Amino acid sequence: MDVVSDAISVVHLGHPASHRVRTRGSWCARLDPYDGAGFYVVLKGNCWLLPDSGVPVPLGVGDAVLLPHGAGHVIADSPVDAAVAEKKAVPFEQWLEQTEQTEQTGPRVRPDHDETEMLCGKYWLDCSRIHPLMAELPEVVHLPNRVGSHLELRAAIDLLAGELDERQPGSCIALPNLLDLLLVYMIRSWMTETTSGVWPSALGDPVTAAALRALHSNPAAPWSNDRLAAEAGVSRPTLARRFTTLVGRPPMAYLTWWRLILAATLLRDTPDTLAAIADRVGYGSPYALSHAFQREFGTTPGRYRAQAASRSPG
């Protein structure tokens, strides 16, 4: 796998939730902080995202916004201040129920041009061992709709909107996969737009990117600095300098950390034995993996697996 795919997969839990919302007039909803990532895509009309920390974000037709760290926020028809939002905002789940009931049974008391239509959703994430690429994402990733920009993201939005609307045969498979695709495209779009990110710079550097690609493609291989430098086509000192500068740790230190992250993911997501996991992530024995795991996470693999099972959304 590649770095972005791996960074998402190790924190991704369960199936994402999604809704297509139509609302009219004056409205205001609040979502408290949670362990996950949320998104909004405006299909019609406009609204405002008001994060608990940060500046209000106006959203127009075609705009997408990702909240990768589950930041608390208010979504509203206008840029209300904190005091007004405290009194006016309806809990998000309650607001969703109200809009669904109005759509099904309520009369259209206002003309269509006053309507706002959105896709919104939530990804459940295990933030106990987040990859630094995901950690680097800002609290709010705003991706405005511009002609000719983020074509893959626009295509995914169109497919997702149609799937939510039509509920075609096979939607139980198509919908969660389209939501996962949307998350990938939003992160990819951020990476192409940001000018100061550490990880976009690392993946934009041909030497560091080649080394990361090799480590993520086969983390269990018997890597050494010399072998990795040969894979990247540079000398060992050049690899060490560029990789450490851009990634923040030397290549072999990153590999050790990544192997343990993978081990934690396998403990969470599979019933594999510790011996099988050790073999898959490049450790010579269960004992060696257990010792390194406890040093990194402060708990044994068995306890970690039990704790992960208790945190799972099911």
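Trainee: Let's start with helix α10: which of its residues are buried?

Mentor: Buried means under 20% relative accessible area, exposed over 50% and partly exposed in between, with a 1.4 Å probe and protein chains only. In α10, the buried ones are Thr238, Leu239, Phe243 and Val247. Viewed down the axis of α10, they fall within an arc of 115 degrees, so they line one face of the helix. That arc is taken from the directions between the helix axis and the C-beta atoms.

Trainee: Before we go on, what kind of model is this?

Mentor: This is a predicted model, in which local features need pLDDT of at least 70 and side-chain atom pairs count only at pLDDT 80 or more, while totals for chains, interfaces and linings use all residues. Residues are numbered from 1 along each chain as its sequence is written, and side-chain values use heavy atoms, leaving out hydrogens and water.

Trainee: And which residues of α10 are exposed on the other side?

Mentor: Pro237, Arg241 and Thr245 are exposed there. The buried residues of α10, by contrast, pack against α7 (198-204), α8, α9 (225-232) and α11. Contact here means heavy atoms within 4.5 Å.

Trainee: How many helices and strands does the protein chain have?

Mentor: Both are DSSP runs numbered from the N terminus: helices are H or I with at least four residues, strands are E with at least two. The protein chain has 14 helices and 10 strands. Of its 314 residues, 47% count as buried, and its C-alpha trace spans about 70 × 45 × 40 Å along the principal axes.

Trainee: What span is expected for α10, at 1.5 Å a residue?

Mentor: The expected span is 1.5 Å times one less than the number of residues. With 12 residues, α10 reaches 16 Å from its first C-alpha to its last, close to the expected 16 Å. Just after this helix, Gly248 takes a positive phi of about 100 degrees.

Trainee: At what angle do the axes of α8 and α10 cross?

Mentor: Axes are lines fitted to C-alpha atoms, for helices over the stretch in contact, and angles between N-to-C directions run from 0 to 180 degrees. Under 35 degrees counts as roughly parallel, over 145 as roughly antiparallel, 65 to 115 as roughly perpendicular and the rest as oblique. Helix α8 (residues 206-217) and α10 (residues 236-247) cross at roughly 85 degrees, with axes coming within 9 Å. They are therefore roughly perpendicular to each other. Among the residues that meet are Ala211 and Leu215 in α8, and Leu239 and Phe243 in α10.

Trainee: What about α11: how many of its residues are buried?

Mentor: In α11, 15 of the 19 residues are buried, so the helix is largely enclosed by the rest of the structure. It covers residues 251-269 and reaches 27 Å. With helix α13 (residues 286-297), α11 packs at an angle of about 95 degrees, the axes lying 10 Å apart. Residues that meet include Trp257 and Leu260 in α11, and Leu289 and Phe293 in α13.

Trainee: Which residues of α12 are buried?

Mentor: In helix α12 (residues 274-281), they are Ile277, Ala278 and Val281. Their arc around the axis is only 105 degrees, which puts them on the same side of α12. Gly282, with a positive phi near 95 degrees, follows this helix.

Trainee: Last one: where is Asp126?

Mentor: Asp126 sits in the loop between β9 (115-125) and α4 (132-136). Its relative accessibility is 5%, so Asp126 counts as buried.
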